[in-house]
Amino acid sequence: MSPPLIEARQVTRILPGEVPVTLVADINLAIGAREFIAITGPSGSGKSSLLYLLGLLDLPTRGDVLIDGRSTTAMTEDERAEMRLSRLGFVFQFHFLLPEFSITENVALPMRALGRLSARGITQRAEELLASLGLADHLRKTPDKLSGGQRQRVAVARALANDPPVILADEPTGSLDTAATAQVFGILRDLVIMRGKTVVAVTHDLNLAAQMQRRVHIVDGRLADDAQAQPPVR
Ligand SMILES: Nc1ncnc2c1ncn2[C@@H]1O[C@H](COP(=O)(O)OP(=O)(O)OP(=O)(O)O)[C@@H](O)[C@H]1O
């Protein structure tokens, strides 16, 4: 059997200082293929901190995060960066697109960084990804020419650039209106259903979380509940 895509083992993150702050404590979590997971919990409970640890954007103080069964705490920062680029995609609340580049160039950047495709192949894939998310008419535009929902779709395309099995999203609909929220949420769900991705999303929105297959609830930095919906998402 293949190992989980991501596995947290006893993950604890403490910010050092005169008064140390525990962000997350003793988290055990295994994330498999084709899962649609909400990370929920009160404000300040550690949801984003956990997502950053799962995404190798932060390092645990104790414990380990395994990607494809491989321990990452003992890796060099270069090895972790390669793992992030090839195995994980990120979508944040604020899109973090580079304003001076076209959306095609924004989506091309992670592919350039990984260096596995030719320049031509990279542009072609960026355009195909954007077109598959309904942005074919906007390929040469810079992000400021698009709506919030469109920008978030570009961020999804960028997250998919290197075809990672997992997309990690931090409040991906947090700055969108109702219509754009429904659209971006639908896109994330389709990543699971149509493209076989695993999507892990931090959300305040309990209505969205209720539509997801699994809900991981965090309280005071600890895993308080891990519930699977029956039947699974379709
Ligand atoms: N760099 C930091 N320095 C000090 N405290 C921090 C830092 N990062 C996070 N915290 C605190 O750690 C706790 C967990 O933060 P985190 O952002 O993970 O929670 P969250 O559940 O995602 O919150 P929210 O729902 O409000 O975004 C919060 O109380 C936060 O204020």
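**Entry 1: the core.** I started with the largest nonpolar core, which has 62 residues, and looked up which members touch the most others: Ile-39, Leu-54, Val-107, Leu-130, Leu-168, Val-199 and Val-200. By nonpolar core I mean a set of buried Ala, Val, Leu, Ile, Met, Phe, Trp, Tyr and Cys residues joined through C-beta atoms within 7 Å. I call a residue buried if 20 or more other C-beta atoms lie within 10 Å of its own, exposed if 12 or fewer, and partly exposed in between, with C-beta atoms placed from the backbone.

A note on the model before I go on. This is a predicted model, so I take local features only at pLDDT of at least 70 and side-chain atom pairs only at pLDDT 80 or more, while totals for chains, interfaces and linings use all residues. Residues are numbered from 1 along each chain as its sequence is written.

**Entry 2: Leu-130.** Which residues does Leu-130 touch, leaving out those up to four places away in sequence? I found Ile-103, Thr-104, Val-107, Leu-135, Ala-136, Leu-139, Val-154 and Ala-157. Contact here is C-beta to C-beta within 7 Å, with the atoms placed from the backbone.

**Entry 3: helix H3.** Next I checked helix H3, residues 103–114, and found Ile-103, Thr-104, Asn-106, Val-107, Ala-108, Pro-110 and Met-111 buried. Helices (H or I, at least four residues) and strands (E, at least two) are DSSP runs, numbered from the N terminus. The cover over the buried residues of H3 includes helix H2 (77–87), H4 and helix H5 (148–160). After H3 comes Gly-115, with a positive phi near 70 degrees.

**Entry 4: Glu-128.** I then looked at Glu-128, which sits in helix H4, residues 119–132. Is Glu-128 buried or partly exposed? Glu-128 counts as partly exposed because it has 13 C-beta neighbours inside 10 Å.

**Entry 5: around the ligand.** I listed the residues surrounding the ligand: Leu-15, Val-21, Leu-23, Gly-41, Ser-43, Gly-44, Ser-45, Gly-46, Lys-47, Ser-48 and Ser-49. H1 supplies the largest share, 3 residues. By class I get 3 nonpolar, 7 polar and 1 charged residues. For these classes, Ala, Val, Leu, Ile, Met, Phe, Trp, Tyr, Cys and Pro count as nonpolar, Asp, Glu, Lys and Arg as charged, and the others, Gly among them, as polar.

**Entry 6: the sheet.** In what order do the 6 strands of the open sheet run? I read E6-E7-E8-E3-E9-E10, with mixed pairing. Strands pair if DSSP finds at least two bridges between them. Strand E6 (88–91) and E10 are the edge strands, each pairing on one side only. From one strand to the next, the twist averages 15 degrees. H5 packs on this sheet, touching E6 and strand E7 (166–170), and its direction makes about 165 degrees with that of E6. Axes are lines fitted to C-alpha atoms, for helices over the stretch in contact, and angles run from 0 to 180 degrees between N-to-C directions.

**Entry 7: strand partners.** Strand E3 (residues 36–40) and strand E8 (residues 198–202) pair in the parallel sense over 4 bridges, and the partner of Ile-39 in E8 is Val-202. E3 also runs parallel to E9, joined by 4 bridges; here Ala-38 stands opposite Arg-215. Strand E9 (residues 214–219) and strand E10 (residues 222–228) are antiparallel over 6 bridges. Across that pair, Val-216 partners Asp-226 and Val-219 stands opposite Arg-222. The hairpin of E9 and E10 has 2 residues between the strands, and Asp-220 there takes a positive phi near 50 degrees.

**Entry 8: other positive phi values.** Most residues other than glycine have a negative phi. Gln-10, not a glycine, has a positive phi of about 50 degrees and lies in strand E1, residues 6–15. Gln-10 is exposed, because 12 other C-beta atoms lie within 10 Å. Asp-163 has a positive phi of about 55 degrees and belongs to the loop between H5 and E7. I put Asp-163 down as partly exposed because it has 14 C-beta neighbours inside 10 Å.

Note on methods. Two residues are in contact if their C-beta atoms, placed from the backbone, lie within 7 Å. A residue is near a molecule or strand if its C-beta atom, placed from the backbone, lies within 6 Å of it.
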